[in-house]
Amino acid sequence: MTNTSATSGMLRRCIKCGLPETYETIEFDASGVCNVCRQHEFKKEQIDWTSRRRMLENLIEEYRGKYDYDCLVPFSGGKDSTFTLLHLVKEYGLKPLVVQFNHGFMRPNLLENNERTFRKLGVDAISFRPNWKVVKRLMREALVRKGDFCWHCHTGIFSYPMHIAVKFNVPLVFWGEPSSEYTSYYDYRDDEIEEVDETRFNRYINLGITAEDMRGMIEGDFPLDPRDLAPFTYPPMRDLKRIRYRSVCLGSFIPWDTRGQSALIAEELGWKGDEVEGMPPGLYDYEKIECAMQGVRDYIKYLKRGYGRVTQMTALDIRNGRMTKADADSLVQQFEGSKPPSLKLFLEYLDLSEDEFNAIVEKTVVYPHKPEFSVIHWGKRTHDYDRWYREK
Ligand SMILES: [Zn+2]
């Protein structure tokens with residue numbers, strides 16, 4: 001039997017964490033270890049977290065008490081933003097404005113978590129939900145163009161809170177985890193603080209499609225009011241500069257520990273995890289519980305790149321010394337690549353057949369991966385499946 005990395009199903013993988021060559025920004029060194037693994041070694045061994053924490057304290061003192069709010073916290077209600085909010089309120093006694101961009105697919109358990117968190121912490125919160133008809137049209141366009149339907153969500157999550165920062169004059173914005181936890185767009189080794197700004201927004205948030213581009217793509221067949229796209233457009237730099245904004249990740253200043261932080265918010269705030277389509281039950285129930293369409297997103301990634309979120313999560317655990325490569329392999333074998341029941345609803349929202357969906361995704365497959373649509377079967381429904389929105 002002969003195998004090369006160019007044949008279907010045989011992707012080259014990091015010998016340490018198992019991430020494949022189709023992973024964004026991945027590179028392998030001479031010993032076969034990936035750059036994300038190397039970055040984590042650096043994070044553990046060489047970052048001076050004491051001095052980073054001092055930087056955080058200085059930053060906070062620069063803004064404390066000078067505005068209507070000490071800071072703004074963009075908030076999905078997932079583990080990272082919930083921890084960020086808890087940490088800033090409890091450790092630093094800040095008065096934050098919480099801003100939530102509701103992408104339209106928030107699950108019942110998440111909404112209950114949010115309610116509990118806001119009450120227990122005693123914070124002011126704004127929730128914003130964009131026009132559903134516009135959202136559906138944007139999802140369809142992004143899926144067709146990029147094989148990634150989340151454009152409205154990713155742009156909205158990062159741009160909408162910045163509009164609120166300008167409107168309310170709250171210059172200090174705290175995001176959660178830095179992107180260097182997962183990718184190499186930014187590197188822990190540069191020892192500079194990642195700014196969550198328009199450069200980052202254009203580099204990897206908006207898929208290379210600006211709201212202006214999007215307008216041109218959809219206005220021919222959709223009754224678009226130009227203002228419909230405002231929530232997905234980054235605010236003008238002059239406005240952000242006028243308020244002297246700083247937009248940073250808490251995880252640039254304190255070492256990010258997903259599991260530890262999830263346990264903490266469960267204990268302090270009663271935050272509850274949830275099952276997620278396609279994931280091993282009980283093992284990662286703190287992760288990506290925000291969106292009813294998460295299963296579809298993971299499924300598309302699996303079709304495009306030949307790996308799913310089980311691979312990604314176990315890679316993280318291997319790096320943090322919490323799982324052996326063998327255990328990870330067996331979980332991947334067992335859970336990765338089933339068809340999520342949410343796909344039925346997704347196709348209904350976007351008015352697509354499954355064949356049309358497959359044909360769209362097939363155009364965005366990352367070489368050398370080749371998906372085999374015919375062998376994939378339906379996965380298990382989550383407990384709240386029947387409560388997700390239906391178009392008909
Ligand atoms: Zn690796």
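Mentor: Let us begin with two cysteines, C34 and C37, both of which are buried. The model is predicted, so local features need pLDDT of at least 70 and side-chain atom pairs count only at pLDDT 80 or more, while totals for chains, interfaces and linings use all residues. Residues are numbered from 1 along each chain as its sequence is written, and side-chain values use heavy atoms, with hydrogens and water left out.

Trainee: What makes a residue count as buried?

Mentor: The term requires a relative accessible area under 20%, whereas exposed means over 50% and partly exposed lies in between, with a 1.4 Å probe and protein chains only. C34 and C37 are both classed as buried by that rule, and of the 392 residues of the protein, 55% fall in this class.

Trainee: Which residues are the protein donors of the zinc ion, and how do you know?

Mentor: The SG atoms of C14, C17, C34 and C37 lie 2.3 to 2.4 Å from the zinc ion. A donor is an N, O or S atom within 2.8 Å of the metal (3.2 Å for Na, K and Ca), and because water is not among the atoms, sites may look incomplete.

Trainee: How many disulfides does the structure hold, and how do you know?

Mentor: The structure holds 0 disulfides, the test being a pair of cysteine sulfur atoms within 2.5 Å. For C71, the closest cysteine sulfur belongs to C249 and is 14 Å away, too far for a bond. For C150, the closest is that of C153, at 6.1 Å, which is also too far. Both C71, at 0% relative accessible area, and C150, at 8%, are buried.

Trainee: What makes helix 14 count as largely enclosed by the rest of the structure?

Mentor: Helices (H or I, at least four residues) and strands (E, at least two) are DSSP runs numbered from the N terminus, and the protein has 15 helices and 5 strands. Helix 14 covers residues 342–350, and it is described as largely enclosed because 7 of its 9 residues are buried. Those residues, among them L343, F346 and Y349, pack against helix 5 (132–146), helix 11 (294–305) and helix 15. Helix 14 is followed by D351, which has a positive phi near 55°.

Trainee: Why does G176 count as buried, and which residues is it in contact with?

Mentor: G176 has a relative accessibility of 12%, and therefore counts as buried. Contact means heavy atoms within 4.5 Å, and, leaving aside neighbours within four places in sequence, G176 is in contact with T84, C249, L250, G251 and W256. G176 sits in the loop between strand 4 (172–175) and helix 7 (198–205).

Trainee: How do you know whether T311 is buried or exposed?

Mentor: The relative accessible area of T311 is 4%, so T311 is buried. T311 belongs to helix 12 (residues 309–319), and, beyond its neighbours within four places, its contacts include R13, G18, L19 and P20.

Trainee: What does T25 count as, and why?

Mentor: T25 counts as partly exposed because its relative accessibility is 25%. T25 lies in the segment before helix 1 (35–45) and has a positive phi of about 65° although it is not a glycine. K288, in the loop between helix 10 (258–269) and helix 11, likewise has a positive phi, near 55°, and at 37% relative accessibility K288 is partly exposed as well.

Trainee: How do you know that the radius of gyration agrees with a compact globule?

Mentor: The radius is taken over C-alpha atoms, and the globule rule is 2.2 Å times the number of residues to the power 0.38. For 392 residues a compact globule would have a value near 21 Å, and the protein has 21 Å, so the two agree.
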